[in-house]
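Please look over the sequence and the model before reading on.

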Amino acid sequence: MSPQNTKSISPAAVIVLAAGAGTRMKSRLPKILHPIGGISMVGHALAAAEGLNPERLAVVVRFERDQVAAHIAATHPNALIVDQDEVPGTGRAVQAALEALDADAEVDGTVVVTYGDVPLLTTELLEELAATHAAENNAVTVLTAVLDDAAGYGRILRHATDGTVLGIREHKDATDAEREIREINSGIYAFDAAVLRTALKSVTTNNNQGEMYLTDVLSLARNDGGRVAAVVTADRWQVEGANDRVQLAALGREHNRRIVEAWMRAGVTVIDPETTWIDSTVRLAEDVTILPGTQLHGKTTVASDAVVGPDSTLTDVQIGEGAEVTRTQGSGAVIGKNSHVGPFTYLRPGTVLGADGKIGAFYETKNVTIGRGSKLSHLGYAGDAEIGEDTNIGCGNITANYDGVNKHRTTIGSGVRTGSNTVFVAPVTVGDGAFTGAGAIVRKDVPAGALTLTVAPQRNAEGWTAANRPGSISAAAATAAAAATAN
């Protein structure tokens, strides 16, 4: 594309329509805030719009206005939020946005109109729409798609000779012949700002729905001598919206299929794409391997040669080069290079595992820093703790960090070896090279190199089972054992 054409596809404004109630979603959450691939639907739409580098960006809101506006302001602070008034219809929504933009400085050039519930729409397709609009000097350019089943969609009526767009016929108003047309209106347009501004003044609510239809602008522009044309996309998913949860799920599956396929083409091995879910915000390096049943969410990052899965769900987790994470639930954690986690491990926020370390089976961690080469192998809990390097924490160890009112920290040094079922009653510090015996309860600081034992004498009550559990299987076994010993 030439530099001149590249400049032409940066529109004067993009208007995103996000005012609908979305009642078919049957949700307290506004429809456009439902997420796909870790980002709200309106977030996807705004990202595609911002990719055009428009001079100005406006979003029209109404339903659950404060909640929607707060989300947009937090994620896309450069967008102008415009309130739609009591006059219904997409025509009025666009008019309100144009009036708000004009109040600052009159918009001159191309205005792209899109929607907050088309999450698979890409910047590239919007660029094609804007570039075609500019190159052909159109008054209006509509984005269309050809569907096998066009029921319910507005049909594109074309001129028999030059193929330009004559208008759009809504399904309920179409003749039988017009309903055979498979090219449909996506509702996404590029307008000449002056044409749009003038035509909207003539759009009325004199129709069965009592709404200002944006589609009326096409016929008004054509009647005024303007050229109305179309850009046809072969990718119907880019113009699909979600009106209910069935459609939301379908879009989610397709979005995920595209994300997973893109990562595979970028050098990631995904053993079973159908059971692997990866958010848009996740970042993976080459030669990562993802095993079946894995979900990667949020700002998760995975370095090269790491293996994740099977059956793992990770959110905002950083995984180092060559690490292995198996059957793990985790969030807000850092896993060091060549470390091993799992199976059946729960990593809570603040977990930092150093290089060459291990958090093993049936372990829960929270707000704990674990040094290089240290191992927490199985059946334990480490919370609010700092563990040094090359330390081995035995089976069943627990940091008792909560006294019922406050949380306290446990500090365990480097080169420490702890026996099975040791309990550290925080706050407590264990020095470098110390040992604990099995079943130790550590209530006081342990000096470096010391051995800590909690010893209670063992007492055997002979004959207790027969006396206290007569008739039981255990009593019978004990009686038989006693008889065998006597013989």
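Is Glu136 buried, partly exposed or exposed? Glu136 has a relative accessibility of 35%, which puts this residue among the partly exposed ones. The classes are set by relative accessible area, found with a 1.4 Å probe on protein chains only: buried is under 20%, exposed is over 50%, and partly exposed is in between.

Residues are numbered from 1 along each chain as its sequence is written. The model is predicted, so local features need pLDDT of at least 70 and side-chain atom pairs count only at pLDDT 80 or more, while totals for chains, interfaces and linings use all residues; side-chain values use heavy atoms, with hydrogens and water left out.

**Salt bridges**

Side chains of opposite charge can pair when their charged atoms come close. A salt bridge here is a side-chain nitrogen of Lys or Arg within 4 Å of a carboxyl oxygen of Asp or Glu. The count under this rule is 22 salt bridges.

| Pair | N to O distance |
|---|---|
| Arg62 and Glu86 | 3.0 Å |
| Glu136 and Arg227 | 2.8 Å |
| Asp384 and Lys366 | 2.8 Å |

The places of these residues are given by helices and strands, which are DSSP runs numbered from the N terminus (helices: H or I, at least four residues; strands: E, at least two).

Arg62 and Glu86 form a salt bridge. This pair links distant parts of the chain, 24 residues apart: Arg62 is in the loop between β4 (56-61) and α3 (65-75), and Glu86 is in the loop between β5 (80-83) and α4 (90-104). Arg62 is partly exposed at 37% relative accessibility, while Glu86 is exposed with a relative accessible area of 65%.

Glu136 sits in the loop between α5 (123-135) and β7 (140-146), and Arg227 in the loop between α7 (216-223) and β11 (228-233), so the pair ties together parts that are 91 residues apart in sequence. Arg227 is partly exposed, with a relative accessible area of 34%.

Asp384 and Lys366 make up another salt bridge. Asp384 belongs to strand β28 (residues 375-387) and Lys366 to strand β27 (residues 358-370), and this pair links distant parts of the chain, 18 residues apart. Asp384 and Lys366 are both buried. Elsewhere, salt bridges that share partners join Asp235, Glu254, Arg257, Arg258, Glu261 and Arg265 into one network.

In an unreviewed UniProt entry, the annotation "domain: MobA-like NTP transferase" covers residues 14-144. UniProt positions are given in the numbering used here, feature names are shortened, and annotations may be inferred rather than shown by experiment. Over residues 14-144 the chain is 37% helix and 23% strand, with the end C-alpha atoms 18 Å apart.

How many residues of β1 are buried? Six of its six residues are, and β1 is mostly covered. Ala13, Ile15 and Leu17 are buried on one side, and Val14, Val16 and Ala18 are buried on the other.

Two strands pair if DSSP finds at least two bridges between them. β1 runs parallel to β6 (residues 110-115), joined by five bridges, and Leu17 stands opposite Tyr115 in β6. β1 also runs parallel to β4, joined by six bridges; there, the partner of Ala13 is Arg56.

Lining residues have an atom within 4 Å of a point. Grid points are joined across faces, edges and corners, and a volume is the space filled by probe spheres set on the points.

The largest pocket holds about 1,700 Å³ of space. Its lining has 49 residues, with Arg24, Thr90, Tyr115, Asp117 and Asn243 nearest the centre. β10 gives the most to this lining, with five residues.

The structure holds one cavity of 30 Å³ or more, and the largest cavity has about 50 Å³ of space. Among the residues that line the largest cavity are Tyr363, Leu376 and Phe424. β28 gives the most to this lining, with five residues.

Conventions: On a 1 Å grid over the protein atoms alone, a cavity is a set of points where a 1.4 Å probe fits but cannot get out, and a pocket is an open set with protein on both sides within 12 Å along at least five of seven lines; lining residues have an atom within 4 Å of a point.
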